[in-house]
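Student: I have a model on screen and want to know what its labels rest on. Can we go through them one by one?

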Amino acid sequence: AGTDAVTCSGASASLKLIGAEVSNATDLGVLVALCAVEITGSTISGNRGGGIDITNSNFTIVNNFIVNNGQDGDSGSDRGGVFLSSTDGKTEVFEFNTLSGNGIDTGAIGGSALTCSSTNLKATSNIVVSGGQAGGGGIIVGASCTSSYSLIEGVSVFPGTGNILGTPGFEDAGNGNYHLKTSPPSPCIDKADPDATLTTDIDGDVRPQGMGRDMGADEAG
């Protein structure tokens, strides 16, 4: 078994990762159970067992690059980018995140980018793509999980206001640059939730730069 980089458990426990880099763990990047967690402006990348696994916890996950986690076809890598499982009454915020290049074991149940078996998650303004890795598409959602104003890979029609399909238009994902292209323009530009109030992106750049905020962690300048 590998080693998780960051863990938090216990009903009275809390964890904040702000502007952090969590990378290259031999198991999960972040493992949380029964713990209040905030992850903002951070990069979760290259963790062999998966990026983030949260169970029965209050969470706020905003403005993060969650990329290249998990192992395509590797036994035991069953979490991909993000795995969320929670119950009624929890605070669940998942918005303005970029998920790409995450892999998952070919025998695992879930999506390579985001798996949600939560009860009341309302995700918005995210980019959720597999980046060519295995796992049956970018996103798997439970009956009570919804998504809006997000670019999502792996489904022909995804229920929810403002969701779009397509290629996100990263600057250079092959070399780890998940910022959005302005020429030709990414389809994610100006397409985030029009009611969002987030004022900065992962780099501290002001949102919005154009007619509206951009999907994902980066606000294209």
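**Labels and their grounds**

Tutor: Start with the surface of this predicted model. The protein has about 9200 Å² of accessible surface, and carbon and sulfur atoms hold 48% of that.

Student: What share of the residues is called buried, and by which cut-off?
Tutor: The share is 49% of the 221 residues. Buried means under 20% relative accessible area, so each residue in that share falls under that value.

Student: What does the secondary structure come to?
Tutor: There are 0 helices and 20 strands. A strand needs a DSSP run of at least two E residues, so residues 151-152 qualify as strand 18.

Student: Why are strand 1 and strand 4 called paired?
Tutor: They share 4 bridges, in the parallel sense. Pairing needs at least two bridges, so they pass. V6 stands opposite V30 in strand 4.

Student: How many bridges join strand 4 to strand 7?
Tutor: The count is 5, and the two run parallel. V30 has I52 as its bridge partner in strand 7.

Student: What makes strand 15 and strand 18 a pair?
Tutor: They have 2 bridges and run parallel. The rule asks for at least two, so the pair meets it. I127 is opposite L151 there.

Student: In what order do the strands of the open sheet come?
Tutor: The order is 3-6-9-12-15-18, with parallel pairing. Strand 3 (21-23) and strand 18 (151-152) are the edge strands, as each pairs on one side only.

Student: What share of the contacts joins residues at least 24 apart?
Tutor: It is 52%, among contacts between residues at least 6 apart in sequence.

Key. Residues numbered from 1 in each chain as written. Predicted model: local features only at pLDDT ≥ 70, side-chain atom pairs only at ≥ 80, totals over all residues. Heavy atoms only, no water. Buried < 20%, exposed > 50% of the residue type's maximum accessible area, 1.4 Å probe, protein only. Contact = heavy atoms within 4.5 Å. Areas by Shrake-Rupley, 256 points an atom, 1.4 Å probe, with all protein chains shown as cover.
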